[in-house]
Structures are given as structure tokens and as C-alpha cells.
Amino acid sequence: MRFYVAGGLPERERCSKMMEALRALGHEITYDWTKFESTDEKDFTHERLQEIAREELIGAERADIFLMLPTKDGAGQYVELGTALQARRWNTTRRPKIWIVNPGVRRCIFFHLADHTFTNDAAALEAAVPR
């Protein structure tokens, strides 16, 4: 399966570990936004930031499962969630599926459209084990 893992910069390490665990289970990550050495936008040109933003949106659209690790801070993850929800409106297989871990961190009305919610990362990984 193809996964996109969304989360805020404060949870970058957690998201990276989730991606590593998913890869270990044989899954593909559609885009790894945690790979950059810097988290400061000032370290990137305007053109590079545009390219990264497009790649993140394409990654969210291409996923079979959009896995969100919501944080209190950060708007990008919610833009990506909107992209994933919009993508499945036009996709007859209802892909990407939306999985949200610990949705109580920050409430969002769109969390009610999730296919699955999980209380912790381990539960989401258990659901990702190929059967």
C-alpha cells in the first residue's frame, strides 16, 4: 500500500519513525517531507518551497492511505488532509482512505470523515500489517 504521513514540524521525528515502520512492513511512502535537514523556510528559495508544496500535495493525492498524526501547531497538515479528502471525491475506490491517530489533540470537523481513528501510533501500525 502507498501511505502519506501528515503531521506538523514539531512531530517531525515521530512522523519519520512512522514512515520507517511502514516501510519495514513493505509499504511505500508517497512523499517523505521529514528528509530535509532544515525546518526553517528561510533556508529554501521561494521556487524550492513551491516545489516542496506541490510534491506534498501530490503525495497526499497518490496515497492509498492518508495517515495523519495531528499536532496542535501547523497548518500544512490540514491542507494535506483537505487535498486527500478532495482526491477521494473523484476516485471511485474512495482512495485515499483517511486514518487519524489521536484525533483529540486538536479537534477538526473533517476528522469525522476519517475511515479509521486510532488512539496511538502502535494501533495504526497494527492496522497497517499486511494480512
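Me: What makes Phe66 count as buried or exposed here?
Reply: Its relative accessible area is 0%, and buried means under 20%, exposed over 50% and partly exposed in between, using a 1.4 Å probe and protein chains only. So Phe66 is buried. Bear in mind that this is a predicted model, where local features need pLDDT of at least 70, side-chain atom pairs count only at pLDDT 80 or more, and totals for chains, interfaces and linings use all residues. Residues are numbered from 1 along each chain as its sequence is written, and side-chain values use heavy atoms, leaving out hydrogens and water.

Me: Why is the pair of Tyr4 and Phe66 called stacked?
Reply: The ring centres are 5.8 Å apart and the planes sit at 15°, so the pair is stacked. Tyr4 is in strand β1 (residues 2-7) and Phe66 in strand β3 (residues 65-69), so the pair ties together parts 62 residues apart in sequence. Strands here are DSSP runs (E, at least two residues), numbered from the N terminus.

Me: What makes Tyr78 buried?
Reply: Tyr78 comes out at 17% relative accessibility, so Tyr78 counts as buried.

Me: Which residues form one aromatic cluster?
Reply: Phe3, Trp99 and Phe118 do.

Notes:
Phe/Tyr/Trp six-rings, centres within 6.5 Å; stacked < 30°, edge-to-face > 60°. Helix = DSSP H or I, 4+ residues; strand = E, 2+ residues; numbered from the N terminus.
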